Amino acid sequence: MRMPCANVWPHWFRSMLSILVAYTKKNRVIGSDGRIPWNLPSERARFKQICSNQRIIMGRKSFEEIGHALPYCTIVIVSQSMSEDAVPYGCLLARDFSEAVRTAGKSGEEILVAGGEEIYNHAIPLAQKIYATEILADFDGDKFFPRLPGGEEAWVKKTVSRCEDSGIRYDYVTYERALL
């Protein structure tokens with residue numbers, strides 16, 4: 001799959017879109033019953049490091065899993081059902097993914113997308129980079145990270161580092177879209 005030329009990208013898309021995700025390598029699980037099925041303190045620390053001083057797009061259900069605003073970043077919550085009064089201080093509300101990108105980004109800035117499944121489906125075709133935590137253990141789930149468009153050959157692995165936390169092995173991998 002070829003990446004769209006700049007002139008066919010949506011007119012509002014002028015920033016670099018990156019994805020931040022943790023998923024099981026084998027079956028791509030990202031969630032189960034509205035929760036993240038693993039507890040990896042060092043992975044949460046990586047999330048904080050990457051997200052500091054950034055604007056992060058996430059769906060309402062992913063936000064509800066966190067449960068509150070984060071002091072180190074601004075979260076743009078994508079929801080059609082959340083009322084404006086329910087949006088916590090330090091967060092912004094967007095009614096769809098396009099509005100979230102317009103709200104989150106200024107031209108040339110990196111915008112991070114942090115879930116869930118439906119939001120990832122919107123973001124992957126536009127993403128230039130993926131900060132992935134690929135968990136090497138099996139977990140059951142009902143929410144999944146989508147396959148990469150064009151397969152993994154359309155993406156270049158830039159960095160890989162093996163880690164272990166709470167008895168669970170995982171890799172930090174940064175993918176960048178290959179220039180075709």
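Which residues of α3 are buried? They are Phe97, Ala100, Val101 and Ala104. Seen down the helix axis, these buried residues fall within an arc of 95 degrees, so they line one face of α3. Keep in mind that this is a predicted model. Here's a quick tour of the helix, the cores and the salt bridges.

**Helix α3**

**Nonpolar cores**
- The largest nonpolar core has 29 residues, and Ile19, Val21, Ile57, Phe97, Val113, Ile130 and Phe145 touch the most other members.
- At least two residues of this core come from each of β1 (16-24), β4 (74-78), α3 (97-104), β6 (110-113), α4 (117-123), β7 and β10 (168-177).
- There's also a second, separate core of 19 residues, which includes Phe47, Tyr72, Cys73 and Cys91.
- Looking past its neighbours within four places in sequence, Ile130 is in contact with Ile19, Val21, Phe145, Leu148, Trp155, Val173, Thr174 and Tyr175.

**Around Glu134**
- Glu134 sits in strand β7 (residues 129-135) and counts as buried, at 2% relative accessibility.
- Its side chain makes a polar contact of 2.7 Å with the side chain of Tyr23.
- Lys25 forms a salt bridge with Glu134, the closest N and O atoms being 3.5 Å apart.
- Lys25 is in the loop between β1 and β2 (29-31) and Glu134 is in β7, so this pair ties together parts 109 residues apart in sequence.
- Setting aside neighbours within four places in sequence, the contacts of Glu134 include Tyr170, Asp171, Val173 and Tyr175.

**Other salt bridges**
- The model has 6 salt bridges in total.
- One of them joins the side chains of Asp138 and Lys26, at 3.9 Å from N to O.
- That pair links distant parts of the chain: Asp138 is in the loop between β7 and β8 (143-144), and Lys26 is in the loop between β1 and β2, 112 residues apart.
- Both Asp138 and Lys26 are exposed.
- Glu176 pairs with Lys129 in another salt bridge, where the closest N and O atoms are 3.9 Å apart.
- Since Glu176 lies in strand β10 and Lys129 in strand β7, the pair ties together parts 47 residues apart in sequence.
- Here Glu176 is partly exposed, with a relative accessible area of 28%, while Lys129 is buried, at 16%.

Technical notes. Residues numbered from 1 in each chain as written. Predicted model: local features only at pLDDT ≥ 70, side-chain atom pairs only at ≥ 80, totals over all residues. Heavy atoms only, no water. Helix = DSSP H or I, 4+ residues; strand = E, 2+ residues; numbered from the N terminus. Polar contact = N/O pair within 3.5 Å; in protein donor to acceptor, adjacent residues only side chain to side chain. Contact = heavy atoms within 4.5 Å. Core = buried A, V, L, I, M, F, W, Y, C linked by side-chain atoms within 4.5 Å. Buried < 20%, exposed > 50% of the residue type's maximum accessible area, 1.4 Å probe, protein only. Arc of directions from axis to C-beta. Salt bridge = Lys/Arg side-chain N within 4 Å of Asp/Glu carboxyl O.
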